[in-house]
Amino acid sequence: DPQQLELATSGKRKLRRFIVIDEVVDELYGSKVREYFEENNVQHKILALPTTEETKSMDLVLNILQEVQNFSIDRRTEPIIAIGGGVCLDIVGLAASLYRRRTPYIRIPTTLLSYVDASVGAKNGVNFLQCKNKLGGYTPPVASFLDRSFIQSIPRRHISNGLGEILKMALMKHKGLFDLLKRHGKYLLDTKFQSYSGSADHGDAALQTTRIAIETMLEELAPNLWEDDLDRLVDFGHLISPELEMRVLPSLMHGEAVNIDMAFMTYVAYTRGLITAEEKEQIIQCMRGLELPVWHSGCSWTLIKRALLERLKHSGGQPRMPLPTGLGAAEIFNDTSEDTLERAYKRWVRD
C-alpha cells in the first residue's frame, strides 16, 4: 500500500509490531528475530510461549490478548505476527480474530507440518473439554510467509510428522506427489527439506513436494474456505485421528495420528474393492518409508466407532468418508457398512 509505505518511511510514525513466538523457536531464532526488528527500527514486543496441544486453550488466548492490550496496537495497520508450529499459528489466529472483533495477523510456520497445513486456509482454534479444536473460527491471515530454512532445526520425527499431511494430499489428489514421496522420502528426511545444489539424483525434491502439497491444498480449500460444503477430501485422515490424538496425548503427534487414520481407511478402501491389494501395499510401504506409524494400540474398535459417531454429529448426519479409489484419486462415501469397517479393522490389526 503506497500510503502505508509513505507513512512507514517518512518517520512521522514509528512502526510497531507484536510478535508471538513458540518458546522453543525463540531459543533457536529469537536473537535473529530481535535483531531483525531492531535493525529495521521497529518498536516491538516479543511474547515467547509454550505452544503445545496440552497448552492449546482459551487461557493461553486470553494471556496473549492481555499482552496485546498492554502493548496497544492499531488494529488496522499493525498485524500480530505468529512464529511457530501449527498450534502457535492456531492460537494466535484465534486471539487476533477476537481482539476488536478482527485484528490482522501474519503466519510464519516453523515446522514442516505447519508449512504445508496450518499456513494454508482460514481456520484457527483451541482445544476444549478434551476435544481437538472445539472452539475456533474462520479468519484468514493477511499473509503467510514460508521459509524452509526453519525446518532444518526440527527433529527428524517432526519432519516425518509433516510428511503425513503431504501424503494425505498425494493420496487424495496427486499421483505425481505420491511418486515423489516414494522415490525421495528418505532423502527428504535426511536433508530436512533443504535445497542443495549437486543433488542431481533428487532434483529439488523439497521444493517440488512442498509446492505441490500447498497447491493441491489450496485447490481444495479456496472454493470452500468457510466449509459450507462438508464434503471435503482434505478430511482424509481426520475422521478417527482427533479422538485418537487427544486420547493418547502426548504420545502421538498430529501427522502421526492422521497417518494411522489414513492407514486404517486404506484398508477400508481395499475391503470395499476401491483399490487393489498391490495399491494398498504400495500405500502402506510408502508410509513406512516416511517413518510414519501405520497402527497404534490405542486405536481400538471401540474408539473407531465412537469417533465415527462424533463425526456424524458435526458433518450433517453423514459420515462423508474420503477414501482412495486409486493412487492419487479419491471420492467421498456415505455408504460404508459397519460390517465392512469391522472386517477392514480385523485385517488391519492382523497385518
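# Reading the contacts, strands and turns

Student: Which residues does Thr111 touch, beyond those up to four places away in sequence?
Tutor: Thr111 touches Gly85, Gly86, Ile151 and Ile154. A contact here means heavy atoms within 4.5 Å. Keep in mind that this is a predicted model.

Student: Where does Thr111 lie?
Tutor: Thr111 lies in the loop between strand 4 and helix 5, residues 112-118.

Student: Why is Thr111 called buried?
Tutor: Buried means under 20% relative accessible area. Thr111 has 18%, so Thr111 counts as buried.

Student: What makes the link between the side chains of Thr111 and Ser114 a polar contact?
Tutor: The distance is 2.8 Å. The cut-off is a pair of N or O atoms within 3.5 Å, one able to donate a hydrogen and the other to accept it. The Thr111 and Ser114 pair therefore qualifies.

Student: In what order do the strands of the open sheet stand?
Tutor: The order is 2-1-3-4-7, with 5 strands and parallel pairing.

Student: What makes strand 2 and strand 7 edge strands?
Tutor: Strand 2 (43-49) and strand 7 (143-144) each pair on one side only.

Student: How do you know that strand 3 and strand 4 pair?
Tutor: Pairing needs at least two bridges. Strand 3 (residues 80-84) and strand 4 (residues 105-109) have 5 bridges, in the parallel sense, so they pair. At one point, Gly84 stands opposite Pro109 in strand 4.

Student: How many bridges join strand 1 to strand 2?
Tutor: There are 7 bridges, and strand 1 and strand 2 run parallel. With at least two needed, strand 1 and strand 2 therefore pair. Val20 has Leu47 in strand 2 as its bridge partner.

Student: Which strands does helix 3 lie across?
Tutor: Helix 3 (residues 58-71) lies across strand 1 (16-22), strand 2 and strand 3. Helix 3 runs at about 165 degrees to strand 2. Helix 4 (residues 86-98) lies across strand 1, strand 3 and strand 4. The angle of helix 4 to strand 3 is about 165 degrees.

Student: In which sense do strand 8 and strand 9 run?
Tutor: Strand 8 (residues 321-326) and strand 9 (residues 329-333) run antiparallel, joined by 5 bridges. Met321 stands opposite Phe333 in strand 9. The hairpin has 2 residues between the strands, and Gly328 takes a positive phi near 90 degrees.

Student: How many disulfides does the structure hold?
Tutor: The count is 0.

Student: How do you know that Cys286 is in no disulfide?
Tutor: A disulfide needs two cysteine sulfur atoms within 2.5 Å. The nearest cysteine sulfur to that of Cys286 belongs to Cys299 and is 20 Å away, so Cys286 is in none. Cys286 is buried, with a relative accessible area of 6%.

Student: What is the case for Cys299?
Tutor: The nearest cysteine sulfur is that of Cys131, 17 Å away, so Cys299 is in no disulfide either. Cys299 is buried too, at 2% relative accessible area.

Student: Is Gln130 buried or exposed?
Tutor: Exposed means over 50%. Gln130 reaches 69%, so Gln130 counts as exposed.

Student: Why is Lys192 called partly exposed?
Tutor: Its relative accessible area is 22%. Lys192 is found in the loop between helix 7 (175-191) and helix 8 (205-221). Phi of Lys192 is positive, near 50 degrees.

Student: What kind of peptide bond joins Leu249 and Pro250?
Tutor: The bond is cis, with omega about -5 degrees. Pro250 is in the loop between helix 9 (241-247) and helix 10 (254-271).

Student: What makes the link between the side chains of Asp351 and Tyr267 a polar contact?
Tutor: The distance is 2.6 Å, which is within the 3.5 Å cut-off, so the pair counts. The side chains of Asp351 and Arg350 are joined by a polar contact of 3.2 Å. Asp351 is in the segment after helix 13 (338-350).

Notes:
Residues numbered from 1 in each chain as written. Predicted model: local features only at pLDDT ≥ 70, side-chain atom pairs only at ≥ 80, totals over all residues. Heavy atoms only, no water. Helix = DSSP H or I, 4+ residues; strand = E, 2+ residues; numbered from the N terminus. Axes fitted to C-alpha atoms, helices over the stretch in contact; angles between N-to-C directions. Buried < 20%, exposed > 50% of the residue type's maximum accessible area, 1.4 Å probe, protein only.
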